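Take a slow walk through this protein with me. Keep the sequence beside the 3D view as you read.

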Amino acid sequence: METITWGDFAKVELRVGKVVSARPFSEARKPAYVLQVDFGPELGIRKSSAQITHRYTLEDLVGKLVVAVVNFPKKQIGPIQSECLITGFHNQEGHVVLCVPDREVPLGTKLL
């Protein structure tokens, strides 16, 4: 494992957001959803593609708090432009399980 400095870590803007809408990403090569995530008044709503269809339904996602990297450059993924990276972990089957706070926190709060 490579070590990093505190300065390296401080550059990554990991923020809490709330999924406000989710739809199937039918144009994606692998099953995915397009998520609209609200990061509060400072950052607003950002779009992301997430390959989480094995563990989550559209109904599971709306209203869910998520942790995302918000300071990557925008990335073109097929016909959509992803504006943040939703974080998660691979489970035993290789499916993504979202990284989520276990209590309510203000939208846009930075991970410490």
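This is a predicted model: local features need pLDDT of at least 70, side-chain atom pairs count only at pLDDT 80 or more; totals for chains, interfaces and linings use all residues.

How much space lies in the largest pocket? The volume is about 550 Å³. A total of 26 residues line the largest pocket. Closest to its centre are Ser49, Ala50, Gln51, Ile77 and Leu85. Find these five in the 3D view to locate the pocket.

Now look at the strands around that space. At least two lining residues come from each of β3 (45-50), β5 (75-77), β7 (85-86) and β9 (96-98). Which strand gives the largest share of the lining? That is β3, with 3 residues.

Next, move to the nonpolar core. In soluble globular proteins, nonpolar side chains tend to be buried together. Here the largest nonpolar core has 16 residues. Those with the most contacts inside this core are Val19, Leu35, Val37, Ile52, Leu61, Ile86 and Leu98. Strands β1 (14-24), β2 (33-38) and β4 (65-69) each supply at least two residues of the core. The most comes from β2, which gives 3 residues.

Pick out Leu61, one of the core residues with the most contacts. What does Leu61 touch, leaving aside its neighbours within four places in sequence? Leu61 is in contact with Val19, Ala22, Tyr33, Leu35, Ile52, Tyr56 and Leu98.

Go on to the pairing of strands. Strands β1 and β2 run antiparallel and are joined by 6 bridges. In one of them, Ala22 has Leu35 in β2 as its bridge partner. Both Ala22 and Leu35 are also among the contacts of Leu61. Strand β1 is joined to β4 as well, by 5 bridges, and these two run antiparallel. There, Lys18 has Leu65 in β4 as its bridge partner.

Last stop: the loop between β1 and β2, where Arg29 has its place. Is Arg29 buried or exposed? Over 50% relative accessible area counts as exposed. Arg29 has 88% relative accessibility, so Arg29 counts as exposed. Now trace from Arg29 to Ile77: they are 48 residues apart in sequence, but 9.8 Å apart in space, C-alpha to C-alpha. Ile77 brings you back to the pocket, as one of the residues closest to its centre.

How values were computed:
Residues are numbered from 1 along each chain as its sequence is written. Side-chain values use heavy atoms; hydrogens and water are left out. On a 1 Å grid over the protein atoms alone, a cavity is a set of points where a 1.4 Å probe fits but cannot get out, and a pocket is an open set with protein on both sides within 12 Å along at least five of seven lines; lining residues have an atom within 4 Å of a point. Grid points are joined across faces, edges and corners, and a volume is the space filled by probe spheres set on the points. Helices (H or I, at least four residues) and strands (E, at least two) are DSSP runs, numbered from the N terminus. A nonpolar core is a set of buried Ala, Val, Leu, Ile, Met, Phe, Trp, Tyr and Cys residues joined through side-chain atoms within 4.5 Å. Buried means under 20% relative accessible area, exposed over 50%, partly exposed in between (1.4 Å probe, protein chains only). Contact means heavy atoms within 4.5 Å. Two strands pair if DSSP finds at least two bridges between them.
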